[in-house]
Structures are given as C-alpha cells and as structure tokens.
Amino acid sequence: MDDKNLMENIILLEKGVCDLYMHGTIESSTDSVHQVFNTALNNSLNMQDTIYDKMAAKGWYPTEQAEQQKVDSLKQKFSTQSSQ
C-alpha cells in the first residue's frame, strides 16, 4: 500500500467518524453528552480538514473550480424551494 492509498483510507475513516459523532450530537439526550459529542465532532472535522489539505498539496485530492453560473443556479433553486 502506497502513501496515497493510505491517506485515502485515513480520510474515508475520518469522514465515517465525523458522521458517527454528528449523529451522536444530534441524538444526545443531555446537554453534557451533546457537548462531548460536539467537541469530538469539531476535533474530527479539523483533523479531516488537515488530512484533506495534505492530500490536496500532493495532488491526491483534486478539486474542480465550480462555474459561477452553476453556483448561482443552485442558490436560486434552493432559495426558491425553502421559501415555498
């Protein structure tokens, strides 16, 4: 397994952890449990962002620049749906 595959696996695992912490935060029955999950979620999101930055710097996580017209179209679509 090379470094790229290792980092891809790590980021997928971290995304899964974020998903679990998010659900734990949402489903918390007390404020103290909610706070613990929320803190863990924020820490995991920061870690996921760091992993992404390292992968992007190596060219392992390429992104495309969205066309402004498409962004505007989606904004309009969802702002119209939310106002109905």
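Met1, Leu6 and Ile10 form a nonpolar patch on the surface of this predicted model. Together the three residues have about 320 Å² of accessible area. Isoleucine 10 belongs to helix H1, which runs over residues 3-27. The buried residues of H1 pack against helix H2, and H1 is in turn part of what covers the buried residues of H2.

- Isoleucine 10, a member of the nonpolar patch, has a relative accessible area of 33%.
- H1 contains 25 residues. From its first C-alpha to its last, H1 reaches 36 Å, close to the 36 Å expected at 1.5 Å a residue.
- The buried residues of H1 are Met7, Ile11, Glu14, Cys18, Gly24 and Thr25.
- An α-helix has 3.6 residues a turn, so residues three or four places apart point the same way.
- Methionine 22 is also located in H1. With a relative accessible area of 34%, methionine 22 is partly exposed.
- Methionine 22 and alanine 40 are 18 residues apart in sequence, and their C-alpha atoms are 9.0 Å apart in space. Alanine 40 is one of the buried residues of H2.

**Helix H2**

- H2 covers residues 31-57 and has 27 residues. Its span from first C-alpha to last is 39 Å, close to the 39 Å expected at 1.5 Å a residue.
- The buried residues of H2 are Ala40, Leu41, Ser44, Gln48, Ile51 and Met55. What covers these residues includes H1.
- Methionine 47 is placed in H2. Its relative accessible area is 46%, so methionine 47 is partly exposed.
- Between methionine 47 and leucine 20 there are 15 Å in space, C-alpha to C-alpha, and the two are 27 residues apart in sequence.
- Glycine 59 follows H2 and has a positive phi, near 80 degrees.

- Which residues does glutamine 48 touch, not counting residues up to four places away in sequence? Glutamine 48 touches Ile11, Glu14, Lys15 and Cys18.
- Ile11, Glu14 and Cys18 are among the buried residues of H1.
- Glutamine 48 and leucine 12 are 36 residues apart in sequence, while their C-alpha atoms are 9.0 Å apart in space.

**Aromatic pairs**

- How many aromatic pairs does the structure hold? The structure holds two aromatic pairs.
- Tyrosine 52 and tyrosine 61 form an edge-to-face aromatic pair, with 5.0 Å from centre to centre and 85 degrees between the planes. The pair counts as edge-to-face because its angle of 85 degrees is over 60 degrees.
- A pair of aromatic rings is described by the distance of the centres and the angle of the planes.
- Tyrosine 52 is partly exposed, at 23% relative accessibility. Tyrosine 61 is also partly exposed, at 27% relative accessibility.

- Glutamate 67 sits in the loop between H2 and helix H3 (68-82).
- The relative accessible area of glutamate 67 is 46%, so glutamate 67 counts as partly exposed.
- Glutamate 67 and leucine 6 are 61 residues apart along the chain, and their C-alpha atoms are separated by 32 Å. Leucine 6 is a member of the nonpolar patch formed with Met1 and Ile10.

Terms used. Residues are numbered from 1 along each chain as its sequence is written. This is a predicted model: local features need pLDDT of at least 70, side-chain atom pairs count only at pLDDT 80 or more; totals for chains, interfaces and linings use all residues. Side-chain values use heavy atoms; hydrogens and water are left out. Patches are made of residues with over 30% relative accessible area and no salt bridge: like charges are joined within 9 Å, nonpolar side chains (Val, Leu, Ile, Met, Phe, Trp, Tyr) within 5 Å. Accessible areas come from the Shrake-Rupley method with a 1.4 Å probe; for residues, only the protein chains shown count as cover. A salt bridge is a side-chain nitrogen of Lys or Arg within 4 Å of a carboxyl oxygen of Asp or Glu. Helices (H or I, at least four residues) and strands (E, at least two) are DSSP runs, numbered from the N terminus. Buried means under 20% relative accessible area, exposed over 50%, partly exposed in between (1.4 Å probe, protein chains only). Rings of Phe, Tyr and Trp (its six-membered ring) pair if their centres lie within 6.5 Å; planes under 30 degrees apart count as stacked, over 60 as edge-to-face and the rest as tilted. Contact means heavy atoms within 4.5 Å. The expected span of a helix is 1.5 Å times one less than its number of residues.
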